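This report covers a chain interface, a helix pair and some backbone features. The sequence and the structure come first.

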Amino acid sequence: MTDQLGALTTIFTEFYYWVTVVLMFLIHVGFCMYEVGASRYKHHQHTLMKNTMLIPLVTVTWFFFGWWIYWAFPTGPGIAPSIMNESTALITDESTFSAKWYLANTEYMAINLGDHISGVFWAAFLLFSWTAASIVSGAIIERITTFAFGILAIAIGSVFWTIDAAWGWHFDGWMLKILGYHDAYASGVIHAIAGGFALGVLCVLGPRIGKFSSSGEPRNIGPRNPWLVTVGLFLIYTGFWGFYAACNIPIFDLGPEYGMEGVTYWTATNIYVTPTTLSGITFNFLMSLSGGLLAGYWIAKGDPFWTYSSGLAGVICASAGNDLYHPIQAMIIGMIGVVIAYKLHYWVERKFKIDDAVGAVAVHGYAGFVGLVICGFVLNGYPSSGYSVGAMWDGTTYATINPLGQFLGAIIMFGVLGMLPGYVIAKVLHGMGKLRIPRDVEIAGLDYEMMESAKKDERAVSSATR
Amino acid sequence: MATVTNWIDHLNKPAEEVAGAVYPGAGSMETTLVIIGIVLWLGWHVLTARSESEELSRLSRKRHGANDHKSNVTEW
């Protein structure tokens, strides 16, 4: 870098994404606290370690192949041609944003004085991957093996959410072109898919012992430590700020990007490279959070566990269109999402005997799905991309945002890339006898041996006088 | 292995040569490192799956009751 303004822009962008990564780390801290708070005493340590170990597992697989998938799969393959090379094949050629540059053994996946962005952008997406896996983690506590969870975490964190991001989040994604799909802050791309994946796993895994009475009535297994849950959810809110910022490009000249001769327009953009402002999305983040909290407090009759979760669900529901909504629209959408997610959670629990320990399927899956559908109506007619505007199903241009495209997109996210793979992989693990811990261990508690081995020392220490 | 042995010499090169990888073994070690990394990753799964299965079977055989863990709780 030899000119100062160019260097400042580059290093500002590098630092911007780096800060988002640090902020998003708090999402994982929050998820760990939340899960431990929701689990029973005899399962605490295993619950914590299960969620913690997804960090290295998803990170190394994201390095080996997850990041490559994101850059290779925008065309499907075989569904819509890339705007970079006009081919529907996997993007592995010499194009500027080809997956070729993001193979684990390329010089860009390391310290390179000519590349200030790849590492921080890779990390920002990696933190999204952790979030996707962590959403699944909460739903299945106290009865899944750590081995099975590791496999499932890699599947959702480094494979399936990456494919959906390539399809529906990448500027060249086929879902934007064919369906007019729009999901600026990941109602579907992260939340609906992870919620759907968790539901697929839960169908095979089954409920915790004691969750349902012999007549099938669900019993409430409330959080063991509400304060840990509370702080955990506050930290997730905090990390969510970083998540929103990470979904933007902080500074970009759209004139040359869109091929407009002589036009210069520096702005922040969303992930689709269409203009928005960090200031505007801050309105919407806070108003949708507030809508969620208001609706959650009302519908759950002041129950803190659901009220806090509803704040999150409110943001998740409005996230698809929070780059463009009016703040009051964001608030109302957040409220609608919470009411539907809450009602659906209890209906599914009662009807299908699904034991979602932390309400993750509802908060992320149902609220995300509903948010995508609502976005199709509220943003109907907006362009899904700045590069071109065309008809739905055409594929060579970008369709405008519309209700049908968003509904189909929600099904793809929640069902096709979420619930279906979750169910299939869980079935395979179940067939191998590796999915669920033995019944006697679940009753005794996963931490029994750890606690027993520490008992002698602990008793000696507690009665020691010198 | 060192890719850079003198920063003054390195930064005096043409810009396109300066802008490049600077880690040890740049241009020759990457594929080997990826293979080693994948072996370590897969090996970790094998080792931890085995030890988890052993731990679960051992605990399962003891058939503790739902409240037995309480006798292991010490008031500090």
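## Basis

Helices (H or I, at least four residues) and strands (E, at least two) are DSSP runs, numbered from the N terminus. The model is predicted: local features need pLDDT of at least 70, side-chain atom pairs count only at pLDDT 80 or more, and totals for chains, interfaces and linings use all residues. Residues are numbered from 1 along each chain as its sequence is written, while chains are lettered from A and ligands numbered from 1 in the order in which they are written.

## Loop between α2 and α3 of chain A

Pro77(A) is found in the loop between α2 and α3 (118-139) of chain A. The peptide bond that joins Gly76(A) to Pro77(A) is cis, with omega about 0°.

Glu86(A) also has its place in the loop between α2 and α3 of chain A. Its phi is near 60°, a positive value in a residue other than glycine. Glu86(A) counts as exposed because it has 8 C-beta neighbours inside 10 Å; the cut-offs are 20 or more other C-beta atoms within 10 Å for buried, 12 or fewer for exposed, and in between for partly exposed, with C-beta atoms placed from the backbone.

## Helices α1 and α2 of chain A

Helix α1(A), residues 4-38, packs against helix α2(A), residues 44-72, at an angle of about 160°, with the axes 9 Å apart. Axes are lines fitted to C-alpha atoms, for helices over the stretch in contact, and angles run from 0 to 180 degrees between N-to-C directions. The two helices, α1(A) and α2(A), are therefore roughly antiparallel (under 35 degrees is roughly parallel, over 145 roughly antiparallel, 65 to 115 roughly perpendicular, the rest oblique).

From α1(A), His28(A), Phe31(A), Cys32(A), Glu35(A) and Val36(A) meet residues of α2(A), among them His44(A), Leu48(A) and Ile55(A). Contact requires C-beta atoms, placed from the backbone, within 7 Å. The residues of this contact comprise five nonpolar, five polar and one charged (Ala, Val, Leu, Ile, Met, Phe, Trp, Tyr, Cys and Pro are nonpolar; Asp, Glu, Lys and Arg charged; the others, Gly among them, polar).

## Helix α11 of chain A and its end

Helix α11(A), residues 327-352, has 26 residues and reaches 37 Å from its first C-alpha to its last, close to the 38 Å expected at 1.5 Å a residue. The expected span is 1.5 Å times one less than the number of residues.

With 15 C-beta neighbours inside 10 Å, Lys353(A) counts as partly exposed.

## Interface of chains A and B

In chain B, 32 residues are in contact with 31 residues of chain A. On the chain B side, α2 (15-18) and α3 (30-62) of chain B each give two or more residues. The largest share, 14 residues, comes from α3(B).

Methods
Contact = placed C-beta atoms within 7 Å.
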